[in-house]
Amino acid sequence: MSSGAATSGEYWLISVPGEKGANDAWDKLNRATGNVSTNSKYLIPDLKVGTLDQLVGLSDDLSKLDTSAEGVIRKLVQYFTEVLEEDKSKVAENLVIGNKDMKTYVTKFQWEGAKYPLKQSLKVLSEIIGKQITQIDNDLKMKSLAYNNLKNALASMDRKTTGSLLTKDLADLVKADDFVLNSEYLQTVIVVVPKISVKEWESKYATLSSMVVPGSSKLLTEEGEHALYTVTLFKKVIDEFKNTARENKFIVRDFVYDEETLKAGRTERDKLQAEKQRQYAPLIRWLKINFGEIFSAYIHIKALRVFVESVLRYGLPVNFQAAVIEPAKGQQKKLRQELHKLYIHLDGSAAGPIDTLEDSPALMSLGVNEYYPYVFFKLNIDFSNK
């Protein structure tokens with residue numbers, strides 16, 4: 001059937017008029033393009049045609065649905081990547097439809113009659129798919145909001161444990177023994193001292209205000225450019241001490257040791273972490289299942305579009321051959337030329353043999369670059385949001 005296929009995730013969905021023999025149109029397509037593409041039959045079933053007016057209206061509706069479905073897929077895949085965090089390399093293996101990868105699903109497409117019953121009109125089928133897209137989009141918004149709130153709350157807590165001694169949470173750096181507790185008159189404060197000023201601090205701290213307890217300064221830890229000290233003084237001189245300390249570039253942290261508050265903070269983080277872990281597996285499962293659902297809906301929309309455009313272009317009775325074409329790497333232009341040679345006769349405005357696409361009167365009169373004498377839709381299954 002073909003030479004090496006492209007790896008870009010690009011497929012061309014085309015349809016051409018059927019011929020007398022059931023496989024004549026298919027065989028002709030394969031003979032002409034066998035060296036430049038891999039072709040698979042796009043097995044679109046006999047759908048209910050309805051009226052011409054309905055088909056024209058549906059053509060527009062399906063175009064919008066197509067755009068909407070692709071947008072939801074991109075959002076879902078992007079969020080899947082975010083949720084997997086360090087495991088984001090595993091995104092691809094989770095993008096499956098049932099047990100099929102995207103390429104297999106597209107190239108071996110089978111209409112899912114249980115979800116999209118053939119007895120329903122084209123309009124009803126498009127409405128079923130539209131509701132499905134909206135539902136998945138809404139559910140994705142709700143689930144991502146709930147999970148993101150947890151992640152953000154955790155990240156906010158974690159940010160407090162990083163940074164310099166001037167700003168970081170001190171809960172894990174102090175213990176009860178570092179403080180004078182439950183005293184009516186005395187209070188221990190925490191002071192951030194630049195490392196280059198440590199000797200100055202040790203010689204000067206007891207003179208920064210009156211009523212500082214001599215010998216009460218104690219080094220707790222050093223990090224980066226700062227050292228963390230405690231010092232004990234009378235409560236009534238704390239404001240005076242803070243001001244004088246600041247003038248000497250010693251910063252008194254706003255911190256009061258309270259065991260219950262510290263314990264509650266640790267418990268809250270543990271709770272948030274546990275809740276995040278509890279939600280993780282069900283969220284991954286939901287994303288995987290609903291990727292399959294939305295991708296399946298997307299390829300059914302493409303099938304409906306091919307069907308509707310084929311009937312509008314080739315008329316009744318319904319008789320067309322649809323194909324999924326995967327261009328070989330670097331062969332898109334050559335493939336387009338082969339298809340053009342094969343099907344230019346379908347262009348009713350062509351006055352005679354036309355050698356290049358640019359020569360087509362229909363193409364020039366429409367002023368567009370995407371007109372072809374056969375039904376054509378592009379499909380790209382690379383949803384990596386590059």
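**Salt bridges and helix packing**

Analyst: The side chains of Asp61 and Lys123 form a salt bridge, at 3.1 Å from N to O. The term denotes a side-chain nitrogen of Lys or Arg within 4 Å of a carboxyl oxygen of Asp or Glu. This is a predicted model: local features need pLDDT of at least 70, side-chain atom pairs count only at pLDDT 80 or more, and totals for chains, interfaces and linings use all residues. Residues are numbered from 1 along each chain as its sequence is written, and side-chain values use heavy atoms, with hydrogens and water left out.

User: Which parts of the chain does the pair Asp61 and Lys123 link?

Analyst: Distant ones: Asp61 lies in helix α2 and Lys123 in helix α5, 62 residues apart. Helices here are DSSP runs (H or I, at least four residues), numbered from the N terminus.

User: At what angle do α2 and α5 pack?

Analyst: Axes are lines fitted to C-alpha atoms over the stretch in contact, and angles run from 0 to 180 degrees between N-to-C directions. For α2 and α5 the angle is about 25°, with the axes 10 Å apart. The two helices are therefore roughly parallel (angles under 35 degrees).

User: How does a salt bridge within one helix look?

Analyst: An α-helix has 3.6 residues a turn, so residues three or four places apart point the same way. Glu275 and Arg278, three residues apart in helix α8, are separated by about one helical turn. Their closest N and O atoms are 2.6 Å apart in a salt bridge.

Definitions and conventions:
Parallel < 35°, antiparallel > 145°, perpendicular 65-115°, else oblique.
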